[in-house]
Amino acid sequence: MNAHDTAPVPPPGCPAHGSGARVPLHGPEFAADPQAYYEYLRHYGAAAPVELAPGVEATLVTDYAAALQLLQDSGTFRKDARRWRAFNEGKVGPDSPVAPLLAYRPNCMFADGADHLRLRQAVTDSMARVDTRRLSRSTEQISGYLISQFAARGSADLLGDYAKQLPLFVFNELFGCPADIGDRVLFGISGMFDGVNADKAVEVLFQAVGELVALKRSKPGDDVTSWLMRHEAALSDEEMVHQLALLLGAGAEPLRNLIGNTLHRLLTHERYAREGGLIDEALDDTLWENPPMSNYAPHYPAADTELAGQHLQAGDLVLVSFAAANTGPALRASRQAGGNRAHLAWSAGPHACPSKEPARHITVTAIEHLLNELPDVELAVPEDSLTWRPGPFNRALATLPARFTPARTGRRTEPLSPVAGEEPETPAPSRPAERGGMWSQFLNWLTR
């Protein structure tokens, strides 16, 4: 590595050590201790050369001020991934493991200028119509259902059994998915992020969302899909499908990680157990120190330029490390001064997360309800035995084993809410529900 003699030593196990290669953000070494990597990357300055997957090169911005400059300068740094030079030149193929989160799709995340403003406003206005009381009610009902599936056992994986599933169920309800479509949405998103038959999962997801759009064109309801469809932006069916797939996919995985990482913090930091009632504080601490999306916000310079002294060529892939910026010297001082929400976990600028308030609300409600139902829940394994999922973008545990006193939970029989807009139905015989029809099972549970 072309580092000065006085530069910090690369973290233990870093394959870039002494090789002149870029610093890899994949593999178990990075997942086990990303902060050691960020500390090492800072010796390059505000941005550093990294590798996201074998052969996929990028520049990672680790400094708070430089990150804000990039995120807010939409003239110099563009989001349209069709500018990605390495992809266009065939150096990165569509089968790369990072391609699903980086390759272009016609949605607001990969749009610039007027196209972005139009699509983003439709999304923002539609999400703003979500009523907090209805969101609380549906989150509590879904939480109750998921807890009822494992409460009597006295043990659970709070990720696989709870944090992973809850956001998908909540989004199904918010977007008005009937049973058959909802089953396939759950299958599609789960498979896409789990990497299990990912191509098939993406196909299933987009087909299901396409059917949802067709359904809501003929039978609109009181749900986000219908609000998005009726927005003055007048989205086409293709635009609708891609915005909904973005909201479902890009919303579910970070929210899963946020719930899981906050639960991890509550179960492994004695202060929260001792003082109690600190879910909001634990959530903020997680967003600062362990954000669910640690490195993302892909951008591409429109022309050759410099960022904080680093030369960048047009079409270079540039990412922001929210985790590194949050824990760097500049924000550390801000946090100590009491600026508890100055972090970049929600990103910033015109592409900042449009749903941070619903995400906070779902997270707090889900954790609060879990702790109320299982008040003595605790980690079932030593903390240092927990493993983190490898990958350059997400910060997420592989599992979160917990134990508690076995409990019987009450079944909620009131209707979920009018948001779903459809009567519960069973999947058509010609199209079996994937993974046993989890959404159908939930809708049936509500009405038993």
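Predicted model: local features only at pLDDT ≥ 70, side-chain atom pairs only at ≥ 80, totals over all residues.

Start by selecting helix H13 (residues 237-268) and helix H18 (residues 356-373), whose axes come within 10 Å and cross at roughly 45 degrees. Residues are numbered from 1 along each chain as its sequence is written, and side-chain values use heavy atoms, without hydrogens and water.

Now show side chains where the two helices meet. From H13, pick Leu255, Leu258, Ile259, Thr262, Leu263 and Leu266; they touch Ala359, Ile362, Thr363, Ala366, Ile367, Leu370 and Leu371 of H18 (contact means heavy atoms within 4.5 Å). By class, this contact has eleven nonpolar, two polar and no charged residues.

Next, select the open sheet of three strands, ordered S5-S11-S10 with antiparallel pairing (strands pair if DSSP finds at least two bridges between them). S5 (155-157) and S10 (378-379) are the edge strands, each with a single partner, so one side of each has no neighbour in the sheet. Zoom in on S10 and S11 (residues 401-403), joined by two bridges; Leu379 has Ala402 in S11 as its bridge partner.

Last stop: helix H15 (residues 279-289). Eight of its eleven residues are buried, so H15 is largely enclosed by the rest of the structure (buried means under 20% relative accessible area with a 1.4 Å probe, protein chains only).

Conventions: Axes fitted to C-alpha atoms, helices over the stretch in contact; angles between N-to-C directions. Helix = DSSP H or I, 4+ residues; strand = E, 2+ residues; numbered from the N terminus. Nonpolar A, V, L, I, M, F, W, Y, C, P; charged D, E, K, R; others polar. Buried < 20%, exposed > 50% of the residue type's maximum accessible area, 1.4 Å probe, protein only.
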